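Subject: Structure handover

Hello,

Here is the structure we discussed. Please open it alongside this note.

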Amino acid sequence: QQTNVLSGTLEIGTQYQTDANIGPGSPLIHSPIGDVLLNNQFVKHDDTGFFAAGSFLYNYDLGTQNGDAIEVMGTAFGNHFLEFDRLDLDFAEVTVGPRLRFPQLNAGPVQWVTVKPYAILNEVGLGEKQYFWTYGGGLEGTALLWDNVTAKLAYEHREKNFTNAPDRPLSTGLTGPANLVQLALQRPITNNSYLVGQFDYLDQSTKFAYYTNNTYAVSAAYHISYRDPIRLLNRPWETVFFGSRSWSIYAGPDPCCNTSGNPAAFSGSARDDRHWRFGVAQSFQLTGSTALTLQLQRDVVSSNLSIYGYSSDSFLADLKVRF
């Protein structure tokens, strides 16, 4: 019955990655001026990062019979590496908009629906310098369908504005609009487990044609919770198995690489990437509001341009507090 409700999470953690700088396994690149060897800082290298994150949801009840509300959501994240400080990432985003509820719709297979239009604003830093900022808006709809299936359909439009820096003088070439369509489905499997499936389509337009791309992605995750098998804290554990596959198709020839096969004759090709990601996360409930999560993950990216192909294994430990 409260008019104002604030909830959220705070977390700190560390992550080790075998390819922290997302560098190619081979230093040899077929560049426009001939074959060159990349500097050591640009080939595959491991590193450890430390991060902190927080998120909150502020809900202001509008006092209607259906429980309509104004929602303000915020997210902040900072990750800092021991060695690759040029890749340190800082991010903050806020969204605000009304959530309109239709709790007893009962229209065929649809039992209830919520609709939320919202505005977006964010700021991103890279290497302790501004990287880009974004403004935009979105529309989200959620529904409970037959057989206890929950569905979420969302559309977002963002205007991204990038800033150059001495070690990345072409960042402004990424400036432009981005459109995202997302469909997620969730269904309980047993009393203590559920399955989530998701499809994403991202259309990014940029100043430089070789950065413009369309990306398609599918993902799935299986969550299962159970009693503490060792009876140490007598609180539930949760295991999550997850995997995803994405395809990124770029619009114009990338000037990074010569694909003609002849060092004396330059011919570029548009980038075409494929990305596999899979892993497992184990969560241990320490108290009613605190949990420790350990995660193993593998990423494998193949590309027709070898400079963009890589593989990386990572281990993450995260302590999260809910309020």
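This is a predicted model. My notes cover the salt bridges and then one threonine.

**Salt bridges**

The structure holds 11 salt bridges. Three of them are described below.

Start with E71 and R99. Their side chains meet in a salt bridge, 2.8 Å from N to O. E71 belongs to strand β5 (residues 69–81) and R99 to strand β6 (residues 89–102), so the bridge ties together parts that are 28 residues apart in sequence. Both ends are out of the solvent by the numbers. E71 is buried, at 5% relative accessible area. R99 is buried too, at 10%.

Next, D273 and R271. Here the side chains form a salt bridge with an N to O distance of 2.7 Å. D273 is buried, with a relative accessible area of 7%. R271 has 17% relative accessibility; the cut-off for buried is under 20%, so R271 counts as buried.

Then D299 and R277. This salt bridge has an N to O distance of 2.6 Å. The pair links distant parts of the chain. D299 sits in strand β15 (residues 290–303), R277 in strand β14 (residues 270–285), and 22 residues separate them. What about burial at each end? D299 is buried, with a relative accessible area of 7%. R277 is partly exposed, at 33%.

There is also a network. Salt bridges with shared partners join E71, R99, R101, K116 and E140. So the E71–R99 pair described above is part of it, because both residues are in that network.

**T142**

Strand β8 (residues 129–144) contains T142. Is T142 buried or exposed? T142 is buried, with a relative accessible area of 14%.

Which side chain does T142 join through a polar contact? The partner is T114, and the contact is 2.4 Å.

Leaving out residues up to four places away in sequence, T142 touches R99, W112, V113, T114, A151 and K152. Two names on that list have come up already. T114 is the polar-contact partner, and R99 is the residue bridged to E71.

**Where to look**

R99 is buried, meets E71 in a salt bridge, and is touched by T142. Finish at D273 and R271, with D273 buried at 7% and R271 buried at 17%.

Best wishes

Definitions and conventions:
Residues numbered from 1 in each chain as written. Predicted model: local features only at pLDDT ≥ 70, side-chain atom pairs only at ≥ 80, totals over all residues. Heavy atoms only, no water. Salt bridge = Lys/Arg side-chain N within 4 Å of Asp/Glu carboxyl O. Helix = DSSP H or I, 4+ residues; strand = E, 2+ residues; numbered from the N terminus. Buried < 20%, exposed > 50% of the residue type's maximum accessible area, 1.4 Å probe, protein only. Polar contact = N/O pair within 3.5 Å; in protein donor to acceptor, adjacent residues only side chain to side chain. Contact = heavy atoms within 4.5 Å.
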